[in-house]
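Subject: Handing over a structure, with notes

Dear colleague,

I am passing a structure on to you, and my notes on it follow below. Please keep it open beside this message while you read.

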Amino acid sequence: MTLRYPPARTVEVFEDVAGVRVPDPYRWLEQETDEVRHWQRRQAELATATVYQGRDRRAVQDLIRAYDSGSRPALPKHAAGRWFRAVTPPGGGAPAVVVADRPLGAGRTVIDLAGYGEAFLSWLAPSPDGRILALGVCTDGSEHNTIHLVEVDSGRTLDGAPEQILHSAWAGGVSWLPDSGGFHFFALTGSPREFRQAVFLHRIGGATTVEPVPVGEGSREYTLVQTSPDGRWAVAAHRVGSPVPVAVRDLSDPGARWRPFVTGCSGTVAGHVVGDDYVAVTDVGAPRGRVVAIPLDTADPADPGDPGTWREIVPEGETVLRSLTPVGEHLYLSEFDRTFARIRIIDRSGTVVGEVPLPGRGALSAPFFALTALAVGAPTDDFVFAFSTPTSSWGLYRHRPGEQEPETLIAPTVVLDAGLEEGWAVASDGVRVPYHVVRPSGSDPARPAPTLISAYGAANVPLLPQYQPDLAAFVAAGGVLVQAYLRGGGEFGRDWHLAAHRENKHVRDSDLVAVAEHLVAEGLTAPDRLALTGGSDGGLMCGVAVTTRPGLWRAVLPREPLLDLVGGTRDPYLDFVIRKAWADPDDPEQVRRLLGLSPYELVKPGVFPAVYVQAGAADPRCGPWHARKFVARLQAAQRGSEPILLHVFDNAGHGAATPHDVAVAQDAEWLAFLIGTLSLPGPT
């Protein structure tokens, strides 16, 4: 296929990074000028026309919508004996918040966001007394949101809400004080571009002030304040991917200040205040995790950050411990057993008193980052959770200690006509890399199948064996899905994550190649039938794969991608991320290593497979300029006949706050691209 791409001029621009001179011929595409927007629109028009050529767009979108009906439901929040939940109209649109006496009771509407324009509900948090509802509203797909306060009984929007912008929902929105008189929240101190944040305290009917939590001068890390149900303790948990409780304050003493708690800890200590202890899952001294109790009230000057002072409640075992949730007098302990979810119930001494029977081998719903999971709100005697498998959509369930079976609140609505298989490949260093295969029923396992690998492998974030509507639609269209669990992720504990972190980042890419080559060698697929997708850091993984091993793939689809690591150091948010996860851009040796991991710098003239890059114009994390620069360079370098396509969607961000109709258009377009490149049967 020969396409006429919108022309992209080059410029003589070089970036000096720690003395390393790096050419940047498409620097002009970083700007939001009329010229860039015109070029971007023409690229989008070309992409849409190409992927839908000879295909029924409406039929593909209907397929996406059919499987989107099984999307993960929002978990209801409990306060003062009532349950608050977001309700989205059928087919999308602005949600309403409903309050009811039961988790999914009919209830009544507290607020309808239909009057807020293209509003997205980022989070909701009722006050402990149930009288005021705080919610985060995003109106441009960017995840940036503002706090709104609503009187629950009257539905009246209250004046005096904080004016600060929250960069995202990663710090949980707001953390109410137990007396409902105010809340802590984590927000920007200036513009989103500057990416400077702080903890604030807002008093209902009063002022908003900066809370002097000692988390390190100039730190850009996220912080979430947790308060104990009895109102005595406040704990500041710090870091999104591997949180630690860095500071504590005794709220019963009006003169008490924040004091350092667990500091200087490189591992994870993620938990909740239980009595006068901080009870947490930690990988310190236990790569697969253990449960410990750290005293909050102590006159002993011994450093609470010293693991020798912690009391072990649950020792490390064969499973990977991920999180715990207080429920009444018990703790529900979430674990991974070869990536599949398991829930054990323990009492406060750590004695196992039960296990929740789950309806299959799959995954619990969980926030993307461990820090966000700490924002549990008011305590409850119910454990309400969502669960799915790779072949059955999300259901919502409730369990109470002592019960044999969980109560089904919402049954799964979609079941794929497909089977689930487990396998593993051997990486170059001999490590076994697991993967799951979702194969449509009736497909011939003896013939190479049109196959899509989906992977991530970064930031200590586990890839879950869960239902994903867009990937389910791919299977329904006739494709075989492979979900690969690469090193760098959080599926198998701390060692698995650190094996592909910073200096070892390349290990993630070699694990991916090992899985792909194994699938080809086993006859499951062939290079002319194999596609790859990933988002964000997984989009960078796709960029490395297409530039370093182009002959291994038929198609590559980076989504919301990070593609220019050197350029990223000029962005305050990405500079923070790159310094954490990749390299120190002030060190010339590490900069040279960074160049070998950056897809934009890796593009050289050659024959590339079909590429479709998707991005959001309002993405606050991986700005659309990453996709623009990479695609312009790749289009110029393509010596083969396969298309290199780009679609930057307006009113779309990194995915978490993208409006439903835009998300459907995004998913339908990349699915149509795969239907064409892999010759799938498509919608029926």
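A salt bridge here is a side-chain nitrogen of Lys or Arg within 4 Å of a carboxyl oxygen of Asp or Glu. This is a predicted model, in which local features need pLDDT of at least 70 and side-chain atom pairs count only at pLDDT 80 or more, while totals for chains, interfaces and linings use all residues. Residues are numbered from 1 along each chain as its sequence is written, and side-chain values use heavy atoms, with hydrogens and water left out.

Salt bridges

The structure holds 52 salt bridges. In one of them, Lys 580 is paired with Glu 221, and the closest N and O atoms are 2.7 Å apart. This pair links distant parts of the chain, since Lys 580 belongs to helix H8 and Glu 221 to the loop between strand S14 (208-210) and strand S15 (223-227), 359 residues apart; helices (H or I, at least four residues) and strands (E, at least two) are DSSP runs, numbered from the N terminus. Lys 580 counts as partly exposed because its relative accessibility is 36%, whereas Glu 221, at 9%, counts as buried. For these words the cut-offs are under 20% relative accessible area for buried and over 50% for exposed, with partly exposed in between (1.4 Å probe, protein chains only).

A second salt bridge brings together the side chains of Glu 15 and Arg 570, at 3.4 Å from N to O. Glu 15 lies in strand S1 (residues 14-17) and Arg 570 in the loop between helix H7 (565-568) and helix H8 (572-581), so this pair ties together parts that are 555 residues apart in sequence. Glu 15 is buried, with a relative accessible area of 19%, while Arg 570 is partly exposed at 24%.

In a third, the side chains of Arg 338 and Glu 422 meet at 3.2 Å, N to O. Because Arg 338 lies in the loop between strand S24 (330-337) and strand S25 (340-347) and Glu 422 in strand S31 (residues 418-426), the pair ties together parts that are 84 residues apart in sequence. Glu 422 counts as partly exposed, at 39% relative accessibility. Salt bridges that share partners also join Glu 15, Asp 24, Arg 27, Glu 30, Asp 564, Arg 570 and Lys 629 into one network.

Helix H8

The helix that holds Lys 580 is mostly covered, with seven of its ten residues buried. Among the buried residues of H8 are Tyr 573, Leu 574, Phe 576 and Ile 578. The buried residues of H8 pack against H7, helix H9 (588-595) and helix H11 (624-637), where contact means heavy atoms within 4.5 Å. At the start of H8, a side-chain oxygen of Asp 571 comes to within 3.0 Å of the backbone nitrogen of Tyr 573.

Strands

Strand S19 (residues 269-274) is largely enclosed by the rest of the structure, because six of its six residues are buried. S19 pairs with strand S20 (residues 277-282) in the antiparallel sense over six bridges, and two strands are said to pair if DSSP finds at least two bridges between them. His 272 has Val 279 in S20 as its bridge partner. The hairpin of S19 and S20 has two residues between the strands, and Gly 275 there takes a positive phi near 65°.

Elsewhere, four strands form an open sheet in the order S7-S8-S9-S10, with antiparallel pairing. Strand S7 (120-126) and strand S10 (165-166) stand at the edges, each with a single partner strand, so one side of each is left without a neighbour in the sheet. S7 and strand S8 (residues 132-138) pair over six bridges, and Trp 123 stands opposite Gly 136 in S8.

Most residues other than glycine have a negative phi. Ala 80, however, has a positive phi near 50°; this residue is found in the loop between strand S3 (77-79) and strand S4 (82-87) and, at 48% relative accessibility, counts as partly exposed. Thr 339 is not a glycine either and has a positive phi of about 80°, but this residue, in the loop between S24 and S25, counts as buried at 4% relative accessibility.

With best wishes

Definitions and conventions
A polar contact is a pair of N or O atoms within 3.5 Å; within protein, one must be able to donate a hydrogen and the other to accept it, and residues adjacent in sequence count only if both atoms are side-chain atoms.
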